[in-house]
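Me: I would like to go through this protein by question and answer. Please keep it brisk.

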Amino acid sequence: MENVLHQTWGGNSVASWITAFVIILVSFLAIRILRSIVLKKLLHWTAGTARTWDDFIIRLAGRTILPALYVLAVWFALQSLTLPDQLRSVFRVAFLASMTFFVLRGISALFRRFVFSYIKRQDNSETKEKQANGLILIVNFFIWTLGILSFISNLGYNVTTLIAGLGIGGIAIALAAQTILGDLFSYFVIFFDRPFEIGDFILVDDKLGLIEYIGIKTTRIRTLNGEQLVCSNTDLTNSRIHNYKRMERRRVVAQLRVTYQTPEEQLSRIPDMLREAVESQESVQFDRAHFAGFGESSLNFELVYYILSPDYVLFMDKQQAINLDIYGAFRKAGIQFAHPTQTLYLRQTAAPSLS
């Protein structure tokens, strides 16, 4: 038996191969027990808590740390063997690549979880999660780029030249794609500053519409006519935007003109009539009503009130009801609305004598 154990195969004794196999077997068994007993009990415990981060950490450990432990077990087992330099280099590259993958996977998952947990504490979180996907994609790109550079550095290569080359290439790309990069930075402005969000009704230049999608380069707006308007993010951040969804109330300024033939007693009653017409409506706040001035062909009154809702249909309904009440009250009181008129006076003169 001892002769068998001391026999050499592949540059290692049979005993060395058995030792490596036992290390792997025992390690895999211990990891399996850790997964099936300890991890399950921790998941059962975190399920009973009100917090969600503990569930996420335990599940993330199951997706990253435990697979990494399998790789570590194989790596330590291989350290007990005498392997050719080329084969050992291959195993080293595979080990570093695996560990880099699991670490970057964990960092990406943590960042994604942090962003979504921050968004869920805000209003309209579902639409913001869709908007955040572009941000997560960009940050993940930088995370994996730095991770790959770190992996190359751990292999013994000098990444300074590579980084310098990337820097020069990045400058060239930036010069060639200034518009795209401008839209990208504008996307960050939209995401963090939030001048508008998905579902907001906005006016930009002379276009009215509903925000449907906010992407890394463009934002898509469904206009009132039904077509989809695609705008670059830079154009939107450089424009004056009216966000009607964030309007709390609508202000109405109405001009009313009555004839100069209206008696003074009726003129003094008109502000109260206007007030009564406004206060008879719900969700409407009266501000003021005044005899504002003398026009060329009318006596001018100004009425100001607020519709206590941003809803445009309600705004038009209330304005219509108030206008009808004013018209009925004026007609009942015999007050006539003025319209532009001119009075032409003709003077008859005696015809010149022919004699």
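Me: Is Glu197 buried or exposed, and why?
Reply: Buried means under 20% relative accessible area, exposed over 50%, and partly exposed in between, with a 1.4 Å probe and protein chains only. The relative accessible area of Glu197 is 9%, so Glu197 is buried.

Me: What are the ground rules for these values?
Reply: This is a predicted model, where local features need pLDDT of at least 70, side-chain atom pairs count only at pLDDT 80 or more, and totals for chains, interfaces and linings use all residues. Residues are numbered from 1 along each chain as its sequence is written, and side-chain values use heavy atoms, with hydrogens and water left out.

Me: Which residue forms a salt bridge with Glu197?
Reply: A salt bridge needs a side-chain nitrogen of Lys or Arg within 4 Å of a carboxyl oxygen of Asp or Glu. Here the closest N and O atoms are 3.4 Å apart. Glu197 pairs with Arg194.

Me: How many residues apart are Lys245 and Asp200?
Reply: These two form a salt bridge, with the closest N and O atoms 3.6 Å apart. Lys245 is in the loop between strand 7 (241–243) and strand 8 (250–258), and Asp200 in the loop between helix 8 (178–193) and strand 3 (201–204). Helices (H or I, at least four residues) and strands (E, at least two) are DSSP runs, numbered from the N terminus. The pair links distant parts of the chain, 45 residues apart.

Me: Which residue is linked with Asp200 and Lys245 in a network of salt bridges?
Reply: Asp200 is buried, with a relative accessible area of 3%. Lys245 counts as partly exposed at 45%. The network also includes Arg246.

Me: Which residue forms a salt bridge with Arg222?
Reply: Arg222 lies in strand 5 and its partner in strand 4 (residues 207–214), ten residues apart. Arg222 is partly exposed, with a relative accessible area of 32%. The closest N and O atoms are 2.9 Å apart, and the partner is Glu212.

Me: Which residues is Thr223 in contact with, leaving aside its neighbours within four places in sequence?
Reply: Thr223 lies in strand 5 (residues 218–223). Thr223 is buried, at 9% relative accessible area. Contact means heavy atoms within 4.5 Å. The residues in contact are Leu208, Gly209 and Leu229.

Me: How many residues apart in sequence are the parts that Phe101 and Trp144 tie together?
Reply: Rings of Phe, Tyr and Trp (its six-membered ring) pair if their centres lie within 6.5 Å; planes under 30 degrees apart count as stacked, over 60 as edge-to-face and the rest as tilted. The Phe101 and Trp144 pair is tilted, at 6.0 Å centre to centre and 50 degrees between the planes. Phe101 lies in helix 5 (residues 85–120) and Trp144 in helix 6 (residues 125–154), so the parts tied together are separated by 43 residues.

Me: Over the ring of which residue does the charged end of Arg249 sit?
Reply: The rule asks for NZ of Lys or CZ of Arg within 6 Å of the ring centre and within 35 degrees of the ring normal. The charged end of Arg249 is 3.8 Å from the ring centre of Tyr306.
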